[in-house]
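Subject: Structure handover

Hello,

Here is the structure we talked about. Please open it next to this email and follow along.

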Amino acid sequence: MPRYLVIAYQTAENPALLQRLKDIAEAEEGASFVLLVPATATQHLRLVTAQASFALAQQAMERAQSRFHDEGIELAEVRVSDPNPIVAATKELANFQQYDGIVVSTFPPGVSRWLKMDVVSRLQRMTSVPVTHVVAHPEPGEN
């Protein structure tokens, strides 16, 4: 059964990501997804504490989990992790079951801090697992 690691935070409920996961589920029978939400401080809240960032990421994860369910996307597991998406992914890949693919959802260039950190390319270099990048354009009021 194919298993995919999905790394997203602010874009976890974005239609582009949801559609990509539906496409994977349709193409690969029995595909399951693990949602990993790095507890990254959001742009407008850079000075929040680590505890507050974790709580905000937890809320985002719970909203996304509900949205995935509503969209018919099965989540095997959900986790909030390290604020740095590379560290979060590294820990996940070291500590949990093997994945058949990684899906990283970011805002577009110029908006995404994860792209400025070169998250997608760094993940591609550090693992042999295929990495798919989904660009999730901000919806009104998002970002």
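A salt bridge here is a side-chain nitrogen of Lys or Arg within 4 Å of a carboxyl oxygen of Asp or Glu. By this rule the count comes to eight.

Some ground rules before the details. This is a predicted model, so local features need pLDDT of at least 70 and side-chain atom pairs pLDDT 80 or more, while totals for chains, interfaces and linings use all residues. Residues are numbered from 1 along each chain as its sequence is written, and side-chain values use heavy atoms, with hydrogens and water left out. Helices (H or I, at least four residues) and strands (E, at least two) are DSSP runs, numbered from the N terminus. Buried means under 20% relative accessible area, exposed means over 50%, and partly exposed lies in between (1.4 Å probe, protein chains only). Contact means heavy atoms within 4.5 Å.

Salt bridges

Start with Arg 3 and Glu 77. Their side chains meet in a salt bridge, 2.7 Å from N to O. The pair links distant parts of the chain: Arg 3 is in strand S1 (residues 3-7), Glu 77 is in strand S3 (residues 75-81), and they are 74 residues apart. Arg 3 counts as buried because its relative accessibility is 10%. Glu 77 is at 27%, so it counts as partly exposed.

Next, look at Arg 79 and Glu 92. Their closest N and O atoms are 2.5 Å apart, in another salt bridge. Arg 79 lies in strand S3 and Glu 92 in helix H3 (residues 85-95), so this pair ties together parts that are 13 residues apart in sequence. Both ends are buried: Arg 79 has 17% relative accessibility, and Glu 92 has 2%.

Asp 118 and Arg 125 form a salt bridge too, with the closest N and O atoms 3.5 Å apart. Asp 118 is partly exposed at 31%. Arg 125 is exposed, at 59%.

Around Arg 3 and Ser 32

Leaving aside neighbours within four places in sequence, Arg 3 touches residues including Ser 32, Val 34, Ala 76, Gln 97, Tyr 99 and Gly 101. Ser 32 belongs to strand S2. Ser 32 is buried, with 4% relative accessibility. Beyond four places in sequence, Ser 32 is in contact with Met 1, Pro 2, Arg 3, Tyr 4, Glu 74 and Ala 76.

The aromatic pair

Rings of Phe, Tyr and Trp (its six-membered ring) pair if their centres lie within 6.5 Å; planes under 30 degrees apart count as stacked, over 60 as edge-to-face and the rest as tilted. The whole structure holds one such pair. The ring centres of Tyr 4 and Phe 33 are 5.9 Å apart and the planes sit at 35 degrees, so the pair is tilted. Tyr 4 lies in strand S1 and Phe 33 in strand S2 (residues 32-38), so the pair ties together parts 29 residues apart in sequence. Tyr 4 and Phe 33 are both buried.

Helix H1

Helix H1 covers residues 15-27, 13 residues in total. The expected span of a helix is 1.5 Å times one less than its number of residues. For H1 that gives 18 Å, and the end C-alpha atoms are 18 Å apart, which agrees. Leu 17, Leu 18, Leu 21 and Ile 24 are buried in H1. They cover an arc of only 125 degrees around the axis, which puts them on the same side of H1. That arc is taken from the directions from the helix axis to the C-beta atoms. Glu 26 and Ala 27 are exposed, on the face of H1 turned away from its buried side.

Helix H5

Val 119, Val 120 and Leu 123 are buried in helix H5 (residues 119-126). Their arc is only 100 degrees around the axis, which puts them on the same side of H5. The buried residues of H5 pack against S1, H3, strand S4 (101-106), helix H4 (113-116) and strand S5 (131-135).

Pro 109 counts as exposed because its relative accessibility is 65%.

Best wishes
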